[in-house]
Amino acid sequence: MTIGVKTVHRPDHEVSYLRATVKGMALTFSHLFRPKVTMQYPEQTSAPDWTISNRWRGTHRMLTDEQGRSKCVACGLCPQICPANCIKLVPGEDEEGNRYPLIYEIDEFRCVFCGYCQEVCPEEAIHVGVHYENAEYDRDRFVYDLERLCAQTHPVSTLWDPSDPKGE
Amino acid sequence: MTPELKGEILLGLVKIVVVFGALQLIVMNIVWAERRVSAWMQDRLGPNRVGPQGLLQGVADGLKNMLKEETMPANAEKGLFVLAPALAFIPAMMTQAVIPFASPLPVRFDWTWPLVGRIAYDGAMPMVIADLPVGFLYILALTSLGVYGVVLAGWSSGSKYSLLGGLRSSAQLISYEIAAGMSLIAVMILSGNVSLTAIVAKQQESVWFVFALSISFVVFLVTAFAETNRLPFDMPETESELVAGYHAEYSSMKFLVFLVAEYANLFTASALMATLFFGGWDIPFTTWDQGAPTVLKSLVTLVLFLTKTLSFCFVFIWVRWTLPRFRFDQVMQLGWKFLLPLAIAYVMVIATSVYALDLAGVAFGARYGAILFALNVVILYLVFWLLDRGRLIRGARAGYRPAAVRSSP
């Protein structure tokens, strides 16, 4: 069986190597003087045509109530659902029977930033944040404890909403 | 040894140090320029952090490379593996020696130094390290030597990618050297000399050879791209097929030496084109620069020479970031089937017309150049018409099928 080859006869000015070359050279030359798209990051953290998505899933933040205590009720759903097994939770109970976390730690190195913890949380306590500047001098600093999670102030992710898949 | 000879030796040493130092600086900044210009062409900014406008990027890169680990592949031919970068680097540096970069500089001194004795010089110092009588033949010879560095690097690495890169480079460089040499014969016919200083003087007398010998210039420009291994002829290092070609196994300073050699070759090719076809340090439309030598004249002509040369460097960069790479068989086809016959035919045409012009009694000068230019315009038109698609070079042909496919049922 042979393959049928269709020969297309295009006019000279469409297939000319030289004209295409000259055209390409002119195009690259004109780009020399066009405005540049580079955002100079450390000095410049935003640009008119660039914003960080509010569905961005960065390092976590624990929301707090009016008294400054974490909203977490130590129900244990987030360590249960976490696929990377990076949340360590030891529940405690006060004399009125309110549950609260004795230890709540997230290992941000193990975290895969799936956002399931935020999705599953019945109290809307733990959130993934719209935040990307996480550099530290020490590996140990990447295990965030409860105090540190509560102290974060960055905006939190809105996650993906199935009823509004394109975020409109 | 006479004081004058000692003076000449001293000046020669000074020139060597200054020119090679300046060459290193220029190479460093061509690397920076390449990165900046390529970035601008892609609407980016490029390196702009180290020093003003990123000008010290080369220093940072050099330091980084010195601190990196030197690797030695297990299969490498150790001696040659270490020697190859030097073999590529030394010819690249040495070619600069015969290129005159400014009008003669008046120098006058008469000193008496301990150990050396009386040392004196009085007169115009030619602004070229060595005005060799063999002129550009020296450059052609040294660029051929530069091939050894690339080929040996490819072979001694003990890696198939490197070997293929080295083989390709030997095939390509040797093919294009012939066409380059042939195109320069026309220059030799017109100038009557191979010394670059004499060629510059001849161009001052008449017109720049880019007008009188346009085809030679076009052929030489194309071969210069091939000789410097730059896109669209970067077959020795084709990233997409050969990883990095002949220097795939090199790291640290050994790699940097290849890089410097490559850019030094680029600068030399640009300087050679400026000298052979654009009058070297000649200032157009004036004979002021040919009068009695002064320091000012030397400075102005030096600036002009650098302007011409760096413009060619820009063209190299510009083309690299515009045109895609040739297929290897197309490279060979262009070199052997088009450039070489064209260069040979052109030598005949030029020889005939020079003979005819001499018979007609036209004196060598501006009118002589104008007549040759008119001839060149006609040939250029014909060549570019021929060069276009479907005449000499063609794309995939519908009727063509390899033998294996044809014989199968």
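Figure 1. Of the 95 residues in the largest nonpolar core, B:Val27, B:Ala88, B:Phe209, B:Leu213, B:Val219, B:Phe267 and B:Met273 touch the most other members. H10(B) gives this core its largest share, 15 residues. A nonpolar core is a set of buried Ala, Val, Leu, Ile, Met, Phe, Trp, Tyr and Cys residues joined through C-beta atoms within 7 Å. Buried means 20 or more other C-beta atoms within 10 Å of the residue's own; exposed means 12 or fewer; partly exposed lies in between; C-beta atoms are placed from the backbone. The model is predicted: local features need pLDDT of at least 70, side-chain atom pairs count only at pLDDT 80 or more, and totals for chains, interfaces and linings use all residues. Residues are numbered from 1 along each chain as its sequence is written, while chains are lettered from A and ligands numbered from 1 in the order in which they are written.

Figure 2. B:Phe209 is in contact with B:Val187, B:Leu190, B:Gln203, B:Leu276 and B:Phe277, leaving aside neighbours within four places in sequence. Contact means that the C-beta atoms of two residues, placed from the backbone, lie within 7 Å. Another core, of 16 residues, lies apart from the largest one; among its members are A:Cys72, A:Cys78, A:Cys82 and A:Tyr104.

**Figure 3. Helix H2 against helix H10 in chain B.** H2 (residues 57–67) and H10 (residues 252–277) pack at an angle of about 140°, with axes 7 Å apart. H2(B) is therefore oblique to H10(B). Angles under 35 degrees count as roughly parallel, over 145 as roughly antiparallel, 65 to 115 as roughly perpendicular and the rest as oblique. Axes are lines fitted to C-alpha atoms, for helices over the stretch in contact; angles run from 0 to 180 degrees between N-to-C directions. Helices (H or I, at least four residues) and strands (E, at least two) are DSSP runs, numbered from the N terminus. From H2(B), B:Gly62, B:Asn65 and B:Met66 meet B:Ser252, B:Met253, B:Phe255 and B:Leu256 of H10(B). The residues of this contact are four nonpolar, three polar and no charged. Ala, Val, Leu, Ile, Met, Phe, Trp, Tyr, Cys and Pro count as nonpolar; Asp, Glu, Lys and Arg as charged; the others, Gly among them, as polar.

**Figure 4. The loop residue B:Asp282.** B:Asp282 sits in the loop between H10 and helix H11 (295–320) of chain B. B:Asp282 is buried, because 22 other C-beta atoms lie within 10 Å. Not counting residues up to four places away in sequence, B:Asp282 touches B:Val200, B:Gln203, B:Gln204 and B:Asp289.

**Figure 5. Two loop residues of chain A with positive phi.** A:Asn85 is not a glycine, yet has a positive phi of about 55°. A:Asn85 lies in the loop between helix H3 (77–81) and strand E2 (87–93) of chain A. A:Asn85 is exposed, with 10 other C-beta atoms within 10 Å. A:Glu124, also a residue other than glycine, has a positive phi near 50°. A:Glu124 is in the loop between helix H4 (116–120) and strand E4 (126–128) of chain A. A:Glu124 counts as exposed, with 10 C-beta neighbours inside 10 Å.

**Figure 6. Where chain B meets chain A.** The contact takes 14 residues from chain B and 17 residues from chain A. On the chain B side, helix H1 (3–41) and helix H13 (366–387) each supply at least two residues. That side has nine nonpolar, one polar and four charged residues.
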